[in-house]
Amino acid sequence: MEIVQARRIKYGIGATLTLGALAIYVLTLCPVAFPGESSVFIVEVLGLVPFPATSHAIWGWVVAAVAKMPMGSIVGRMNLFSSICGALALWFIYLLNASGRYWGDSQRLVFWEPVVRGAAACGYLIFMVPFWYAATRTHFLTFDVLLLAFSLWLLASFNRSHKTWELYLFGFAYGVGIVESTAFVIAAIPVGLIALAIIWRTGPGWVRSIVGLLLFGVLGLLVYLPAAWQYSQTQAYQWREYETFFQILWYMWRDHWLLIKALVLQRGWLLFVLACFAPWMLTAAIATGKLLRNERGIPAILWHALILIWSLLVVFNTPAAPAERLGLGKLVLAPYLFSSAAFGYVVGWFYWLFLGPEVEFEPRRRKVAAGTTVFLLCFLIAAACVNSWAVERDGPRAVQRYVDELLEEVEGREWLASNGFLDEIITLTAHEKGQDIKLISLSHGQLEPYRKYLATQIDSPRLQSLVQIGLLPFFREWARTDEDFGKKLAVHAVPNVWTVTGFVPIASKMVYFGAKDLDEIDLQEVLAANRRFWADTVPDLVAARDHSKLIRPLARGICQHVSRLANDLGILFENAGDHASASEAYKTAREINMLNASALLNLHNMLLETGEDMEEFTHLEDELDNLLNHPMNRVPLPLLVDMHGHIRSPNSLRRLQEVWGMIRERTSAPDPEFEAAFRMYYAGRVGEAKDAVLRILEKRPDHDRAWVLRGLIAHNENDVEELERCIAYMHAQEKEWLPLLIIGAQRALMAGDQQKAKQYYRRILAQRPGDVASLQALLIMAIGEGNDEDMAFCVERLITIDPDNLWANLALGLQQSEEGDFELAETSYRKSLEKYDSPYALNNLAWILQEKGEYQEALRMAKRGIAANKSLYAIWDTLGVILMKMGYPDRALVSLDQAIKLNPGGIDPKIHRLQALIGTEDWKSAREQIEEITVPGSELREDQTEAINAARATLGME
């Protein structure tokens, strides 16, 4: 075969695969901005968010240029760019695998075996779920893979030609890749060793080649400088209070490191290694060594067949595949290059096996070639069919339609307060439509840099000042000073913004508007608009929630939000006396989200109060049983209610919780008299319920449930003597009645008897292992006592039930700090602060941050802790240490004096004050402080003794 003809065939096959892949990606291209990472990348590149990313600078520059091209939509161009990068990456992957040879002397075999290998490796990646996913929407990973494949191709080309310029270009490309992608950082050591081995083989001049390679690699790393300079030109530089240009570089490197840590899987790492690296390492050992290399026996065939089967299990996304087991949350593509190389090698080996030395036998060669081609085509078709879910087009369309309708709904409003889960798509869609609306992310409102950004969006100096203090005072002042506040704002979140500012929240499809007077609102018009929305837009979201693999979490959140609005709309109609419309809204809320316990309770409360359909009320416990045992529900009733909207009669929930254990223990025989008494109590007619219960107990003194209800009524009336009588009866009968156990625990806590309270809570947990209130109460007591065993028990259960629980994450952070795992402790403390500014969590987090040298953020956390609780001495002590380490000992003394004032017996604040006095060179006061600390009889820890001895040495007192 002539060389020119061979090259044409080789490159023709590669070009066909590349163009075919590009055509497939374009045909399956995501038509809109894909929710999640993809939409985040788009708004960051376009500069539509206040805080641009500090990573993937080169990709950002290229994509920003693509976005400015005057053709089609911005999202379409950016998605198409990912497809082009994916196709070009496949081209270099093909060239990498289609070069070189391993066996035989036949010209045909030498040519065709690498071509088959390259085609198989390239085809392996085309329809693999992670690659297909990234190539059909805006994502930097296809660009990263392209850059990595190009760099490795340059190294392979240098290995063949020994042209120095290719080596230097490889060094520059790899340096740029380190700036751009964590994959280059992770692969730096093995790739560097391979490069050194190749250079060593080139013979004389290897020292010069290594020096040149390093110099060009450093030149590539200099891309960090323009990336950092670009960030320094943004306002985010000032909002985040960066002090120097090099601080940006530090944070870029830190973000790189954190991203690498995030990619190191805590769970499933063994599966990932086995799926992506083990086959490649095995095939590399076989191909480069003598093991099975030229063997044709059964062991060699079995080894290669095993690798082939494993590769197919990965590419077809079986449960053994990382993409299926771990999801696409941590999308990593570079390791799949290794598994594609293993697949290509094995297919090439079987091609060689069936030809062997008889390649000159033309009919057999043609049969093997035809069989290989058919196998690869069938493989591609099967992979495309099996993995077609990766393109996910209907789910993103449903979300985009929801956002389009949301923006139509808020047309004319200046501001949209959002819960954050759709902010990027809302921002991008508004930009494409030319709609001028400003977002307030309530989820970011606790972050000081974000509040500084918001201040730049506001005209009023007074509001600019207040928003930097917090969102709550900002909203209250805005509502007080601006008559048009209600006309300027819409809320795409829980409606607390309206309630704290004195407005009535009006649920309108997917947002809340505010009104001062309900008479100004045409509720029937609102209901008609909601009906159209429920009929036209919501079904697609429900379908995405139930059937989509990728959009399901987001669609579930949207459906939960829409269901909450429907529930709150029902409350509006019930308050207005329109029970028919209220019933429709409550039922619709449950149709959208079967887990909406708020709508269920509101509906039954309304039926009970109106007496319209008392038979419906008798189904309450069955419906609640079904709801709490639903496969998708993993939280107890109070949390479930909190997630899904307001309860019109909050006391009804409390009463239901009190008697929940009693209700579920009913006998099979109906008890109309007791059911009537219970309904009276549930409806709040406590006096009538008491009379009914007393009549029951006169007839049947051993009626257990009547005794429980009698105890609950006594508790409501604060009749301690009667309550004690009911509890004594429970003990006498050796019963464990949950409602009375709960009351007993609460009263023991109020009386300060923690031991008795703990006994009650443990008995409650014996019946209800997942009771959040009991676990949390036990945990708080365990934290106060330092009881590690109880803390571990409660944390494990609470984290399982409610991963965001404030006290569970605080205790988890304490445990991790004790074990010295400060990185995990920092994560736990930050999680505990998402819902509430716990001064204890803020203090501990600030301490960890100052230990890491992150003084600016530690200072902000300490100040937040003081704002949350000025009487906690530990936070003043921490603030003093931070100020001292920042070089402000005078200011540190003020904080440490406050800590000592709050806790005169504390040793640590006094030692820190001693160190601050030394920092101010107040030697006399420092000596006096040492004498105060080391009074006779004082017991010091080892670290405290070491600190005092160090101070003595500084003061020359030894």
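**View 1. Arginine 913 and aspartate 897 meet through their side chains in a salt bridge, 2.6 Å from N to O.** A salt bridge here is a side-chain nitrogen of Lys or Arg within 4 Å of a carboxyl oxygen of Asp or Glu. The two partners sit 16 residues apart, arginine 913 in helix α51 (residues 907–919) and aspartate 897 in helix α50 (residues 889–902). Helices are DSSP runs (H or I, at least four residues), numbered from the N terminus. Aspartate 897 has 34% relative accessibility, so it counts as partly exposed (buried is under 20% relative accessible area, exposed over 50%, partly exposed in between; 1.4 Å probe, protein chains only).

This is a predicted model: local features need pLDDT of at least 70, side-chain atom pairs count only at pLDDT 80 or more, and totals for chains, interfaces and linings use all residues. Residues are numbered from 1 along each chain as its sequence is written, and side-chain values use heavy atoms, with hydrogens and water left out.

**View 2. Arginine 401 pairs up with aspartate 540 in a salt bridge, the closest N and O atoms being 3.2 Å apart.** This one links distant parts of the chain, 139 residues apart: helix α21 (residues 394–409) holds arginine 401, and helix α29 (residues 538–547) holds aspartate 540. Arginine 401 is partly exposed at 37% relative accessibility, and aspartate 540 is partly exposed at 37% too.

**View 3. Aspartate 404 and lysine 433 form a salt bridge at 3.9 Å, N to O.** Aspartate 404 is in α21 and lysine 433 in helix α22 (residues 423–433), so the pair ties together parts 29 residues apart in sequence.

Note on methods
Helix = DSSP H or I, 4+ residues; strand = E, 2+ residues; numbered from the N terminus.
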